[in-house]
Amino acid sequence: MELNLPKLSSACIVTALLFSLFSTSSYAVNLFDPIDKQFDMGEYLAENAYGFLPVPIIITEPALGYGGGFTGVFLNESDEQREKRKQLALKSIDGGAQLLTTGITAIGGFATSNGSWLGFAAHRHSWKQDSIRYLVGGGYGQINMVYYPFSQSEASGSGILNDGLELELTGFGAIQQLQFRIDGSPWLLGLKQSYVKPEMGIKDQDRLNDILGKWLNLSPALSGLGVMVEYDSQNSFMYPTEGYNYVLSYMLFRDAIGSDYKYDSIDIDGKNFWELTDVVNLGVKVQFDALVNNEQFLPPNAYPYINLRGIASNRYQGEVVGSLEAQVTWEIDNRWSTLAFVGAGSATDEFSDLFNSNTEYAYGLGFRYLIARRYGLRTGIDVAFSEEDSAVYFKVGTGF
């Protein structure tokens, strides 16, 4: 979960948490952990059927304007799982973090001063000791954002295309994936589907959009279906400190499944975690996205972009995009941890040019607080910088 935010402190999170607790619960809930006596939402999430972790959204991204919203993160588990997690939490300082929560649901929305708004919902569920995984999510709204689909092209030179176009996209998008574990191993095979269909136009240019609509498809449907392979040996889904997670997906976009454009895409997302000492952890994330078999000009939202904290979304787009990010986390005590990260990304039109030119860098600092010890759930704030941008992010989890 990644959101651009202004300068905030942990007090903002605590205030939102307390407001949610007392406004939604009809009975008293112990807000302090029985072992270390620190502020903790584990009991609330476990004992209240409507309990959720409130994550405030505050946006100061220049491309979106000022705004904010709210996300509710619900943790779903059976009575048997809840009781087992409770007993483990009473026995060890690590709590029930090693138990997998079978279901996680997130529902929220936001609005900004430039007219952007979005409502969204997502759910992840697993069955048979995590042998089957299912993820589904979708959203509807209007996003006014600057896109830079031509900024990496050698022929673009300078001018309005190189500076980006502020587009208005209104519509619906959804994604779902189903995975099956192979004989109890870390390997999973599955299917993935995505669909996006926005009404698109240059912001505040109605007459120009009417003209462009006669020549261009301003309501492009991007519908993809593909396969995915995942290797997952992480020691925790909520907050891994050791293990590996690699996901490879290959998607086909075809007319037969509702796409207006024919092309393929390949995505590789890898996360690596090592426990260097009892209190120091190293994480490394690698990401590679590419368009394959594409011989046409696609809508700007179809092109992958450098996805790093500190670099604005869609700022650097291309047909081939790669990034590498490293993060060192220091556990101050059982509740608090601090972290530092640095990353590099490249967006080009040819694989051979990747990281040979147009390489962008980002770096930053952050902290995490163990907000629900039973679940190993940590939240916090990251502050990130790059050559052209700086941003603050609310985070749930490691930051990757």
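I count two rings of Phe, Tyr or Trp (the six-membered ring for Trp) as a pair if their centres lie within 6.5 Å; planes under 30 degrees apart are stacked, over 60 edge-to-face, and the rest tilted. The model is predicted, so I require pLDDT of at least 70 for local features and 80 or more for side-chain atom pairs, while totals for chains, interfaces and linings use all residues. Residues are numbered from 1 along each chain as its sequence is written, and side-chain values use heavy atoms, without hydrogens and water.

Entry 1, rings. I searched the whole structure and found 10 aromatic pairs. I looked up Trp336 and Tyr369, which form a tilted pair at 4.7 Å centre to centre, with 55° between the planes. Trp336 is in strand β14 (residues 336-348) and Tyr369 in strand β15 (residues 359-372), so the pair ties together parts 33 residues apart in sequence. Strands are DSSP runs of E with at least two residues, helices runs of H or I with at least four, numbered from the N terminus. Ring pairs also link Phe367 with Trp336 and Tyr369 into a cluster.

I call a residue buried under 20% relative accessible area, exposed over 50% and partly exposed in between (1.4 Å probe, protein chains only). Tyr369 is buried at 9%, and Trp336 is partly exposed at 31%.

I define a core as buried Ala, Val, Leu, Ile, Met, Phe, Trp, Tyr and Cys residues joined through side-chain atoms within 4.5 Å. The largest has 20 residues, of which Leu53, Leu75, Ile371, Tyr375 and Leu377 touch the most other members. Among the elements giving it two or more residues I noted α2 (42-47) and β15.
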